[in-house]
Amino acid sequence: MTQEPQTIITPPDARSDQMIVHVLMQFLLAVRYRKKVVIAAFALSAAMGAVYYVTATRYYSAKAEMLMIQTGIDNLETSLTEGASSRWNAMETFEQLVRSPKVVEGALARLRPEDQVDLEGVPRKAWIPTLQNRLSTKNIPMTNLLEVSFRSKKPAVAVNVVNAVVDSYLAFLDETHRGTMGEVRDIFSRQLTQVSQDLKQKEEELIAARAQSGILQSGKSDEIIDPVTKRAMFFADQLSSVQRNRIELQATLAGIQTAVRNREDLRQHLITVADVVGKELMMRSFGLSNADGQTLASLEQQLLKDRADLESMRSCLGSAHPSMIAQQEKVRQAEMYLQGYQQRSAESVARIQNTQLGPLLVQMVQQRLHETIEQERSLDGQFRVAQQEASRRVGQVARLAVLERDVQRHYNLIDVLVGKIASLDLKQDGGEVRAKVTAPPVSNERPVSPRLSMVAFFVLVVGLGSGFSIVYVLDVLDDRFRNLEDMQHQLGVPILSLVQRLNTPQTTGLDALQLHVAPMSTESEAFRTLRTALALADQHLHRIVVTSAEPGDGKTTVLANLGVCYAQSDKKTLMIDADLRRPGLTNLMQMRRNEGLSTLLCSEENIPDLCAHLIQPSGIENLDVLPSGPRPANPAELLAGSRFIELINWATTVYDQVLIDSPPTLATSDSAVVGRLVDGTILVVQPEKNRRRAVIRAVEGLHGLRIPLLGLVVNRVEPDDRGGYYGYGYGYGYGYGYGYGYGNDEDSDDLDSSDAGHSSQQDWEQSTDYEDLDEARSSRRIVPRRAA
């Protein structure tokens, strides 16, 4: 039992990969073929690179490194900041600030005239952009180090410019971060001056009162002060405390408003606001509460206990035990609640921080300040009433006590203001951002531009890129087959044989046939390969037409040598020259003066009898020739007639192999007429000469007329050392053309250009004894192949 062959289907991805590899190999072959173009493009690019490297202006670079340290409220970072991401964002901000116009302008002010060599010939309004273009900053990854570099025409100038930029940047940071603290300090200073003046006035009143009453000291309060006086003193203490709160709130409000106007970071004011307005109120403003914190703490303690119980249960119970599953679910629910609460809290705080933090802080401080002012106003009124009552009841003694309390209150206010100012001075000295130079710039005598390595890299890229581009364009514009694989891929027709350039001693006659002159040579093996390929075909090929796309492709030479090959294999072979316009086979076999195919087609005689007279022996055993005969006026009509069909049928009964030389397919329609009467057609192609579109049009024409195309014979294949893509080179001479007027000129009877050379008609007429040939032909009798 035989098994049917299985068809292997290539996946689309594999076909795509194969196509990519094929195209790449084709391009590499094209580069190899046109390597001189690539070498010329690379040489031109190298010359241009060398000229640039020699003539380009040298630039020298100097760089410095600065360590950037941020100080702030670290204990709120987990809930109000983004941690490391905010730090890297700050480093990007520092990079931009170094190249900002403000810093560059400060650096220009610090440069000496001799350090402005890079600004020579540049308008003054373009100085800042010019320095910005040559100034670069870079944050060293995963560090707080900021690298500042500058390119200049002189190494020393590069160092001086970097130093000026660094100094300007440090001054800018100091000025920026001192701005807010300075405004708050001014407020405290003005309040300190006012309180000091009030204190001086109160002390003068106290001294005057003491001098008037003659009492130097009020004594113990229990002895000389009654309840009314105590109440006045109480109101005085409360008023002093409220006034201190008001002063602090006013200073805090001024600082927050200044920070909001300058769009500074408001996180540093959160603790201050929490101390002033109350931590509970601030947490409620953020949607949080102390109760939530206590609940979270309780849940975290319970979660730790449940996890400990779960670990202890693992050693005793299996994972599928109900108690184990319940405990795991309990732990999971607690963890989900904590994660959800933290996420909701973070989202609430982030939302408020991004959009409402500034207005919220201002509103909270203003509300608390309003309450404090109202409280101060109320206490001041009550204090004045109590003071009047105490004055009326105790007189001068009570007035002295009140003045002493008032003086003490002013002293306390002065102490508070002095402490606030001192605290601000410390913060100013520290700052939120600290910058320190860790690596000062150093003069470098080696230029950074042009760099030989970069110039070489660009030369390599531009040279090869332009060379490959030119090769690609030339390859696209070249309308010839790149190689045999390209030919077979585009035509979809198998290649039956590759015929090399033939070097025969003669151009006509039997000595012009390679298989007859040198049957054992390498060139002759191509025709045996062709015969073998035809013998292995699926059908019996008794009648074969040999044609070409254009004149001069070597179809006649291929047909004649194939006929000799069949004859040498003991097959009775007939070669018919059906090219009635330009009979190449007839000229090759030196039978121009004989009657032939045209005589037979025009005659009314019996075909077998007429063939016995017209068919000529070639001089090689088993090989006969039917020449073309006189040139008729209507060759296409003759070939399309019934007598040509009868001739083919008769020849099939007499000969083992019938080979027909047909005109080129693109020149005439004769090949289409003859091709439909035979078993198959062979198309001869000459890669050096044939255009791709012409060959494709010829193949498509044969397929369109349903003419069986057996395959291609690639003629005049050159050795590999001729520079071709795939064993043959590309020539630029095409001989004569084709198309209109094929065979109409009386003097166009020379051989195909693929033959070894050209000779005149007189040469081969003089070299052949036609009388001897005539005797041989007259004494010969054609015997059918079955009888033979």
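Let's start with the charged pairs: this predicted model holds 20 salt bridges, counting a side-chain nitrogen of Lys or Arg within 4 Å of a carboxyl oxygen of Asp or Glu. Side chains of opposite charge can pair when their charged atoms come close.

Take helix 13 to begin with, which spans residues 322-355. Here Arg332 forms a salt bridge with Glu329, and their closest N and O atoms are 2.5 Å apart. The two residues sit three positions from each other in the helix, about one turn. How accessible is Arg332? Its relative accessibility is 38%, so Arg332 counts as partly exposed. Glu329, at 33%, counts as partly exposed too.

Arg528 forms a salt bridge with Glu525, with 3.4 Å between the closest N and O atoms. Because Arg528 and Glu525 are three residues apart in helix 19, about one helical turn separates them. Is Arg528 buried or exposed? Arg528 counts as buried, because its relative accessibility is 16% and the cut-off for buried is under 20%. Glu525, by contrast, is partly exposed, with a relative accessible area of 41%.

Now for a pair that reaches across the chain. The side chains of Lys555 and Asp579 meet in a salt bridge at 3.6 Å, N to O. This pair links distant parts of the chain, 24 residues apart: Lys555 belongs to helix 20 (residues 555-568), while Asp579 lies in the loop between strand 7 and helix 21 (584-588). Both Lys555 and Asp579 are buried. Elsewhere, Lys63, Lys138 and Glu147 are linked in a network of salt bridges.

From here we can turn to the sheet. Strands of a sheet pair through backbone hydrogen bonds, either parallel or antiparallel. In this model, eight strands form an open sheet with mixed pairing, in the order 5-12-11-6-10-7-9-8. Its edge strands are strand 5 (495-500) and strand 8 (616-617), each of which pairs on one side only.

Strand 7 (residues 573-577) pairs with strand 9 in the parallel sense over four bridges, and Thr573 stands opposite Leu623. Strand 8 pairs with strand 9 in the antiparallel sense over two bridges, with Val625 as the bridge partner of Gln616. Strands 8 and 9 form a hairpin with five residues between them, and Gly619 in the turn has a positive phi of about 100°.

In a regular strand the side chains alternate between the two faces of the sheet. Strand 9 (residues 623-626) has both faces covered: Leu623 and Val625 are buried on one side, and Asp624 and Leu626 on the other.

Finally, let's visit the surface. A nonpolar patch of about 610 Å² is made by Phe42, Met454, Phe457, Phe458, Leu460, Val461 and Val462. Helix 16 (residues 452-477) gives the most to this patch, with six residues. Leu460 lies in that helix and is partly exposed, with a relative accessible area of 41%.

Definitions and conventions. Residues numbered from 1 in each chain as written. Predicted model: local features only at pLDDT ≥ 70, side-chain atom pairs only at ≥ 80, totals over all residues. Heavy atoms only, no water. Pairing = 2+ DSSP bridges. Patch = residues over 30% accessible without salt bridge, like charges linked within 9 Å, V, L, I, M, F, W, Y side chains within 5 Å. Areas by Shrake-Rupley, 256 points an atom, 1.4 Å probe, with all protein chains shown as cover. Buried < 20%, exposed > 50% of the residue type's maximum accessible area, 1.4 Å probe, protein only.
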